[in-house]
Amino acid sequence: MYRVGSFSSHLMGTFYRTIRLVENGIKPVYVFDGKPPEMKSGELSKRAERREEAQKALEKAEEAGMYNCTIFVFKFTKNAAVLC
């Protein structure tokens, strides 16, 4: 069934969106659940390093007595604001 609202309409939407992306020079990459591919190992190690750096920064802030501060980190950016 391929009419709007049918159980396969999401597949048609994905198909047409992919066509539009390719027509505009964008190479789509689809990520599925499961074990990450080897190609992603570099990104995973970068994330782990950033996580460790953030943990160290938190510990340093706690040692400096910044217990009552609120730290805002804006998702997908490196901007941060500290309000004390």
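Arg 20 and Glu 23 lie 3 residues apart in helix H1, so about one helical turn separates them. Their side chains meet in a salt bridge, with N to O at 3.0 Å. A salt bridge here is a side-chain nitrogen of Lys or Arg within 4 Å of a carboxyl oxygen of Asp or Glu. Side chains of opposite charge can pair when their charged atoms come close. Arg 20 is partly exposed, at 47% relative accessibility. Glu 23 is exposed, with a relative accessible area of 55%. Buried means under 20% relative accessible area, exposed over 50%, and partly exposed in between (1.4 Å probe, protein chains only).The model is predicted: local features need pLDDT of at least 70, side-chain atom pairs count only at pLDDT 80 or more, and totals for chains, interfaces and linings use all residues. Residues are numbered from 1 along each chain as its sequence is written, and side-chain values use heavy atoms, with hydrogens and water left out.

Helix H1 covers residues 9-23. At 1.5 Å a residue, its 15 residues should span 21 Å, and the end C-alpha atoms are 21 Å apart, which agrees. The expected span is 1.5 Å times one less than the number of residues. Gly 25 follows H1 and has a positive phi, near 80°.

The ring centres of Phe 15 and Tyr 16 are 5.4 Å apart and the planes stand at 65°, so the pair is edge-to-face. Rings of Phe, Tyr and Trp (its six-membered ring) pair if their centres lie within 6.5 Å; planes under 30 degrees apart count as stacked, over 60 as edge-to-face and the rest as tilted. Phe 15 is partly exposed, with a relative accessible area of 47%. Tyr 16 is partly exposed as well, at 45% relative accessibility.

The structure holds 3 salt bridges. Glu 43 takes part in a network of them, linked with Arg 47 and Arg 50. Between Glu 43 and Arg 47, the closest N and O atoms are 3.5 Å apart. These residues are 4 apart in helix H2 (residues 41-63), so about one helical turn separates them. The side chains of Glu 43 and Arg 50 meet at 3.3 Å, N to O. Glu 43 is partly exposed, with a relative accessible area of 30%. Arg 47 is partly exposed at 37% relative accessibility. Arg 50 is partly exposed at 46%.

The protein chain as a whole has 2 helices and 2 strands. Along the sequence they follow the pattern α-α-β-β. Helices (H or I, at least four residues) and strands (E, at least two) are DSSP runs, numbered from the N terminus. Of the 84 residues of the chain, 5% count as buried. Its accessible surface comes to about 8300 Å², and 59% of that belongs to carbon and sulfur atoms. Accessible areas come from the Shrake-Rupley method with a 1.4 Å probe; for residues, only the protein chains shown count as cover. Among contacts with a separation of 6 or more, residues 24 or more positions apart account for 0%. A contact means heavy atoms within 4.5 Å.
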